[in-house]
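Colleague: I would like a close look at a single part of this model, followed by its surroundings in the rest of the chain.

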Amino acid sequence: MKSGNLNYILPCNRLPVQLVSQVRVYTSNGQKKDLGSEDKNGSARGETLQKTETGQDTTNAGQKQSSPKQPIQVKVKAVLKKREYGPKYTQNNFITGVRAINEFCLKSSDLDQLRKIKRRSPHDDTETFTVYLRSDVEAKSLEVWGSPEALAREKKRRKEAEIKYRENLFRNQRLLWEYKEFFGNTKPRSSTAAMFFKGPGKVVMVAICINGLNFFFKLLAWVYTGSASMFSEAIHSLADTCNQALLALGISQSARTPDPSHPYGFTNMRYIASLISGVGIFMMGAGLSWYHGIIGLLHPHPVESLLWKQIFLHLAIFSNNFFVSATLLVAINEIRRSARAKGLSFYQYVVQSRDPSTNVVLLEDAAAVLSVAVAATCMGLTSLTGNPYYDSVGSLGVGTLLGTVSAFLIYTNTEALLGRSIEPEQLQRLTELLESDPVVRAIHDVKATDMGMSKVRFKAEVDFDGRVVTRSYLEKQDIEQLLQEIQQVKTLEELEAFMLKHGENIVDTLGAEVDRLEKDLKQRNPDVRHVDLEIL
């Protein structure tokens, strides 16, 4: 087979037949080439070979008959020439005004003379926004600065000025802090401080005050009696006070607004504070209680000052049972209210660690009530029998109780920080909402992660129905005018321009459909804060 010709030579005892076909190839500029006429020499060589074989087979000349040439139907395929996209083509990309000013060192007045293009906005609060052609911005920057080298020098100068500004800003913030410490802060109360007067913040602040008072009474009881159980209780109250102060710090930090370094905010600071609190309970509360109980078993000594012991024990029990029970009741009511709002049971809300700060207060106060009962029982047995081993066993019991609470807190907060999935029922509702939309053909790889504090991030790969998207675009067009544009298409260049124009508009329509779906998901499910829909 040669270029432009199809030559077939049969064996010598049959009639040699040569089939010649002509193939026409159309290029993107409308020109055509006749490949069948390009290789005339090859065709002549085929005829010479045909005559030679005919002369050699003279014995069968009478049996040979001439075979007429039959025309062959050839399908002609028109293809566009592949376009090479280089850096020059990408200069026609769009750029926002803010990026144009920052990256090319321009002023807002410089952009007034450039072509302005309205595009679909990626933000929920605006429908359209203005962009510029990157090539126009680059040309304007060269016009303003004269050369690329001058522009590079200006960028370097501004970078150095920005670094110097940040250094001065840090210095001024430090001076302002020193000024506030000396003269006092005269600013009105911020919204962060208001968080401690309601909800979990109120629960934590009440718990700090109560546990601080309990620590004072239990410490006095231990000083006068030397009881190992009372020492464990004093350490327990001190650990609770420190941990709840850490929870207050986590609540205040979680209210910080997102910044470029942390675009999803600081909500997880509550879980981090609760995790550290659980570790602190284990180390300070359980560890020291176990240590003191083991020392009491190995080196027992009689408990002295039984009268003072009974007095301070009753004071500790009164303060613990009255105030801590009040704090425990506040925490229980807060969890019940939040669980009812989320449609969960009390147990599910606690196990899933929906509100880590309130969970810590609840479990610590519940452990405080139980541990005081254990300490009182063991100290009563020691005073009745005179055997100090009961007191040491009580210390071990308090340590075991604190270790159990700390292990639960560490587990639940670690699960929350790892990014667990939402409830299957809630995920099913989100999936059904997407699948019921006409523009969606199917969804795959659905993931919904609980980011903490009732904030959900939803991700799915969506197979869109191109026919519905195109029909949605056509409904907004003048069909008569569109038909006239189609009838005016005569060449491949006109067809390419027509397809590029409407293809870009259809892609914009698809983007608008994605925005609509994301908005519907957020409106019908307030917990969904971030939606990532990937187009298949």
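In which helix does E138 lie?

Modeller: E138 lies in helix α5; helices here are DSSP runs of H or I with at least four residues, strands are E runs of at least two, and both are numbered from the N terminus. This is a predicted model, in which local features need pLDDT of at least 70 and side-chain atom pairs count only at pLDDT 80 or more, while totals for chains, interfaces and linings use all residues. Residues are numbered from 1 along each chain as its sequence is written, and side-chain values use heavy atoms, with hydrogens and water left out.

Helix α5 covers residues 134-145, twelve in number. The expected span of a helix is 1.5 Å times one less than its number of residues. For α5 that gives 16 Å, in agreement with the 16 Å between its end C-alpha atoms. After α5 comes G146, with a positive phi near 95°.

E138 counts as partly exposed because its relative accessibility is 22%; buried means under 20% relative accessible area, exposed over 50%, and partly exposed in between, with a 1.4 Å probe and protein chains only. Buried residues of α5 include S135, D136, V137, K140 and S141. In general, an α-helix has 3.6 residues a turn, so residues three or four places apart point the same way. E138 is ten residues from P148 in sequence, and their C-alpha atoms are 9.7 Å apart in space.

Elsewhere, the largest nonpolar core has 27 residues; such a core is a set of buried Ala, Val, Leu, Ile, Met, Phe, Trp, Tyr and Cys residues joined through side-chain atoms within 4.5 Å. Its residues with the most contacts inside it are V204, L247, V361, L362, L402 and L409. Helices that each supply at least two residues to this core include α8 (199-225), α11 (306-342) and α14 (389-418). The most comes from α13, with five residues. Another core, of 21 residues, lies apart from it and includes V440, V462, V469 and V531.

K447 stands opposite K459 in β7. The two strands form a hairpin with five residues between them, and G452 in the turn has a positive phi of about 105°.

As for cysteines, C209 is exposed, at a relative accessible area of 56%, whereas C378 is buried at 11%. The count of disulfides is zero, a disulfide being a pair of cysteine sulfur atoms within 2.5 Å.

Methods
Pairing = 2+ DSSP bridges.
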